[in-house]
Amino acid sequence: QQEWDDHDRHQKTLAPDLAKNYLESCAPNAVIFTFGDNDTYPLWYAQEVEGVRPDIRIINNSLLGIDWYVNQLRYKVNDADSLDLVWPAEKYMGNNRNYVLYRPRPNISQDTYFDLYDLMKNYIGSDDPAKMDNNGGEPINTFPITKVRIPVDQALVRKNGTANQSDSILSEFRFELPKRALLKNDLALLNIIAANQWKKPIYFTSPFGELGFGQFLRKEGMAYRLVPVVPKAPQNMWVTEQLLRRSPTVKDNDMTGMYNNMMTKFGFGGADKDGVYFDEENRRHLLNIRAMYGEMAGELGDAGRKDEAQKLLDKAEKGMNPANFPYALVSRYNSHNQTALVYLEAAYKAGKNDLAEKVRADVRKDLEQQQRYYEYMRAEKPDFFSHFERDDQNNRAMLGLLKAIEDRYAPQSAQPKPAGENPAVITPGKQNSDTPKKDTPR
């Protein structure tokens, strides 16, 4: 409120920019599921205050456990039409179906894939006592099988853009529910998917895998789209696939549309302005933006479209000043450097060798400083090293991955350094200039 100079935030616009990036990642008239405050409130703000993409229906998964919120889905909001649900309102009002339990039945083979709409409507949605379980005297609705299927109209999903023309489309969309108890929000989400029948695009703000269909989410910009497409193996052309699990980015005709959005509509939260501070939570979201640009640029590079890949990286560099948001940084699970490696390889693929060298040098310096810290802790503070053992293993893996990237794209950078460079010893009791501090930019 007083704009103290050490935490002045008036130039930081990450929340609304992130919201716009999510919304602009979606196809027209889409549904997008959010999961927490940080990816819900900004999206509401962007729609309700700034009028961004009023055609999209935002659904907060946490609120789907509340009957009045589920009932609101039956009404039009802004320019987004109402949603079809399998159940009428009375099936989930009050305490009805707060949760349902998995109870296999002898007359139903566990190898059978149950139609999801039928399962929702005629089994979980049934009040037949034979399909329920007496749980301590209170009847509880059950589901008898975990394998479910949704029919796929291949002509429809090609026509409405759910699948690309070159995709191998499934005749049936099959997945297995991993939970033995489904809560009301799980049931509402499955209701929506079952009733939708691929008519509306369905997205998630994160690679949602809790209900068993995570492998069928295709990343489009910042959002993950549910698609009835045969899953593709990660691209073998990416060294970073050896360690990092990334959803495939957009392919084929969708690449051009998303490229245009990223070049003209996406924002960076003020990270281009000198002196804007981003704390750990802010950096976590900025990492998603940097990763998105890196993945798309790498895909364009693989497709031989290096000019577009370079322009995309130029846009990211202009939008995210390394002084505000370093390439390399100590972070939980080394996630900052994981993203940097994707970005690094994308720069090589795009032919941006000057950028690649800057990123490579910063990442190597940070990882080596971390390694010396862990080695010091192992040698000098063995009682405390157990707290860092996982970090040490992670860091060693990252160094190995960086070496593999260097070997493929810049073998001259991977040559051993002259003796005396980057000493591996930290003198106890003395603050070495290379001693890393947690969360300190490199």
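How many of the protein's residues count as buried, in percent? Of the 442 residues, 50% do, where buried means under 20% relative accessible area with a 1.4 Å probe, protein chains only.

Some ground rules. This is a predicted model, where local features need pLDDT of at least 70, side-chain atom pairs count only at pLDDT 80 or more, and totals for chains, interfaces and linings use all residues. Residues are numbered from 1 along each chain as its sequence is written, and side-chain values use heavy atoms, leaving out hydrogens and water.

The overall fold: 13 helices and twelve strands. These are DSSP runs, H or I of at least four residues for helices, E of at least two for strands, numbered from the N terminus.

Now two helix pairs. Take H1, residues 14-24, and H2, residues 41-48. Their axes come within 8 Å and cross at roughly 80 degrees. Axes are lines fitted to C-alpha atoms over the stretch in contact, and angles run from 0 to 180 degrees between N-to-C directions. H1 and H2 are therefore roughly perpendicular, the term for 65 to 115 degrees. Ala-15, Pro-16, Ala-19, Tyr-22 and Leu-23 of H1 meet Pro-42, Leu-43, Tyr-45, Ala-46 and Gln-47 of H2; contact means heavy atoms within 4.5 Å.

Next, H9, residues 306-319, and H10, residues 335-350. The axes come within 9 Å and cross at roughly 140 degrees. That makes H9 oblique to H10; oblique is whatever remains after under 35 (roughly parallel), over 145 (roughly antiparallel) and the perpendicular range. On the H9 side, the contact includes Lys-306, Leu-313 and Glu-317. On the H10 side, Tyr-343 and Lys-349 are among the residues involved.
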